[in-house]
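Please describe this structure for someone who has not seen it before. Cover the core, the aromatic rings and one of the pockets.

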Amino acid sequence: MNPGAEQNMAVGVGPTAVYPDLVLLSQDRGRRLQAVIEVETGESVNHLEALAQWTSYSKLRAAFHLYVPAGMVEVARRLSDDNNVNPSEIWSYHIVGDQPRFTLVHRSREAQAPKPRPAAPPPTRVAAVHGKPASKPVSKPASKTAKPAKVAKPRNGAKPAKASPKSGRSSKAAKPAKGAKKKTR
């Protein structure tokens, strides 16, 4: 935090260093800059602030969030447009008792755009086997709930023979050909 005139955390180095009200860094090892926040009062939403601070904050690679009093939202938007300032978000605030209340009033198109999804991985290829070249991409395996095979319907209107569950062979004896004599036991 850089409250008031304090300069605790700089963004940038040397003469280009700026001191926004809040500096948000990532929690990972590199402590990369994520966003800068500038909180304005009714008196500080003016052309001088827009030129001196907002333009440099909006040029940073990190997101720039601007907090202004509820009655100054339209003034902040006009100053942003006039000075080519592109805040990622503009928030309004008002005080109820001793509690601040915040409302998002503007979000830039870049902040609204969904992040692109990673591309699907390329299909895998089967490695070369015994000197033969690799085959084409492997297709997905067949589903476990495959449809049962169709049974051929017998001709001549006869009933089909039932298959035994173990061997797959017909449970009825084969019918003799026409004109053949039936064997008796």
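The model is predicted.

**Core**

In the largest nonpolar core there are 17 residues. Val45, Trp54, Phe64, Leu66, Val68 and Ala76 have the most contacts inside this core. Two or more residues each come from helix H1 (47-58), strand S3 (63-69) and helix H2 (73-82). In soluble globular proteins, nonpolar side chains tend to be buried together.

Setting aside residues up to four places away in sequence, Val45 touches Glu40, Trp54, Val68, Pro69, Met72, Val75, Ala76 and Leu79. Of these partners, Trp54, Val68 and Ala76 are also listed among the core residues with the most contacts.

**Aromatic pairs**

The whole structure holds 4 aromatic pairs. A pair of rings is described by the distance of the centres and the angle of the planes. Two of the pairs are set out here.

| Pair | Centre to centre | Angle between planes | Class |
|---|---|---|---|
| Tyr57 and Phe64 | 5.7 Å | 55° | tilted |
| Tyr93 and Phe102 | 6.4 Å | 50° | tilted |

How exposed are the rings' residues? Tyr57 has a relative accessible area of 2% and is buried, and Phe64, with 1%, is buried as well. Tyr93 counts as buried at 17% relative accessibility, because the cut-off for buried is under 20%. Phe102, at 45%, counts as partly exposed. Tyr93 and Phe102 also belong to a cluster in which ring pairs link them with Tyr67 and Trp91.

**Serine 92**

Ser92 lies in strand S4, which spans residues 89-96. With a relative accessibility of 8%, Ser92 counts as buried. Apart from neighbours within four places in sequence, Ser92 is in contact with Val68, Ala70, Val73, Arg101, Phe102, Thr103 and Val105.

**Second largest pocket**

Rolling a probe the size of a water molecule over the atoms shows where empty space is left. The second largest pocket contains about 160 Å³ of space. Its lining is made up of Arg77, Ser80, Asp81, Asn84, Val85, Asn86, Pro87, Ile90, His106 and Ser108. By class, 3 of the lining residues are nonpolar, 5 are polar and 2 are charged. Helix H2 gives the most to this lining, with 3 residues.

Note on methods. Residues are numbered from 1 along each chain as its sequence is written. This is a predicted model: local features need pLDDT of at least 70, side-chain atom pairs count only at pLDDT 80 or more; totals for chains, interfaces and linings use all residues. Side-chain values use heavy atoms; hydrogens and water are left out. A nonpolar core is a set of buried Ala, Val, Leu, Ile, Met, Phe, Trp, Tyr and Cys residues joined through side-chain atoms within 4.5 Å. Buried means under 20% relative accessible area, exposed over 50%, partly exposed in between (1.4 Å probe, protein chains only). Helices (H or I, at least four residues) and strands (E, at least two) are DSSP runs, numbered from the N terminus. Contact means heavy atoms within 4.5 Å. On a 1 Å grid over the protein atoms alone, a cavity is a set of points where a 1.4 Å probe fits but cannot get out, and a pocket is an open set with protein on both sides within 12 Å along at least five of seven lines; lining residues have an atom within 4 Å of a point. Grid points are joined across faces, edges and corners, and a volume is the space filled by probe spheres set on the points. Ala, Val, Leu, Ile, Met, Phe, Trp, Tyr, Cys and Pro count as nonpolar, Asp, Glu, Lys and Arg as charged, and the others, Gly among them, as polar. Rings of Phe, Tyr and Trp (its six-membered ring) pair if their centres lie within 6.5 Å; planes under 30 degrees apart count as stacked, over 60 as edge-to-face and the rest as tilted.
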